[in-house]
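Let's take a friendly walk through a protein model. Have the sequence and the 3D view ready, and follow along.

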Amino acid sequence: MTDRIVVDPTIHLGKPCVVGTRITIQIVLELLDENLSFAQIIHDYYPNLSVEDIRACIQYAIALVAAEDIHLRPISA
C-alpha cells in the first residue's frame, strides 16, 4: 500500500495522493461513497488509476482510522 500512496507538501497541500498522480485519496473515497464501482472510477474519471491504486486508498483510510486515538469523556448523570 505505502508504495502507491504519497504525501507531498507540494501537491494538494500535503493531502495523501496516489503516487505519480494528483489524485487524492479523499476524491477516490468520495467517488466510492457515491456507489461508483472501481471500473466506473477508472473508466469515467481516472483512466490512469488501477484497481490496486483504489484498494490502496481504502487501505490507507482504514489504517488512519485504526491508528486514531479516541478520547471518550464519561457521561455525566
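Here is a short tour of a charged pair, a helix crossing and a loop residue.

## A charged pair

Keep in mind that this is a predicted model. Side chains of opposite charge can pair when their charged atoms come close. In this structure the count of salt bridges comes to one. The partners are Arg4 and Asp53, whose side chains meet at 2.8 Å, N to O.

Where do the two sit? Asp53 belongs to helix α3 (residues 51–67), while Arg4 is in the segment before β1 (5–6), so the pair ties together parts that are 49 residues apart in sequence. Asp53 is buried, because its relative accessible area of 9% is under the 20% cut-off. Arg4, on the other hand, is partly exposed, at 29%.

## Two helices crossing

Now look at helix α2 (residues 38–45), which packs against α3 at an angle of about 115 degrees. Their axes are 10 Å apart, and the crossing is right-handed.

Which residues make the contact of α2 with α3? From α2 come Phe38, Ile41 and Ile42, and from α3 come Val51, Ile54, Arg55 and Ile58. Sort these residues by type and you get six nonpolar, no polar and one charged.

## A loop residue

Finally, find Thr24 in the loop between β2 (17–18) and α1 (25–33). Is Thr24 buried or exposed? Thr24 is buried, with a relative accessible area of 10%.

Leaving aside residues up to four places away in sequence, Thr24 touches His12, Lys15, Pro16 and Cys17. A polar atom of the Thr24 side chain also lies 3.1 Å from the backbone nitrogen of Ile27.

Methods: Residues are numbered from 1 along each chain as its sequence is written. This is a predicted model: local features need pLDDT of at least 70, side-chain atom pairs count only at pLDDT 80 or more; totals for chains, interfaces and linings use all residues. Side-chain values use heavy atoms; hydrogens and water are left out. A salt bridge is a side-chain nitrogen of Lys or Arg within 4 Å of a carboxyl oxygen of Asp or Glu. Helices (H or I, at least four residues) and strands (E, at least two) are DSSP runs, numbered from the N terminus. Buried means under 20% relative accessible area, exposed over 50%, partly exposed in between (1.4 Å probe, protein chains only). Axes are lines fitted to C-alpha atoms, for helices over the stretch in contact, and angles run from 0 to 180 degrees between N-to-C directions. A crossing is left-handed if the near helix is turned anticlockwise from the far one by less than a right angle, and right-handed if clockwise. Contact means heavy atoms within 4.5 Å. Ala, Val, Leu, Ile, Met, Phe, Trp, Tyr, Cys and Pro count as nonpolar, Asp, Glu, Lys and Arg as charged, and the others, Gly among them, as polar. A polar contact is a pair of N or O atoms within 3.5 Å; within protein, one must be able to donate a hydrogen and the other to accept it, and residues adjacent in sequence count only if both atoms are side-chain atoms.
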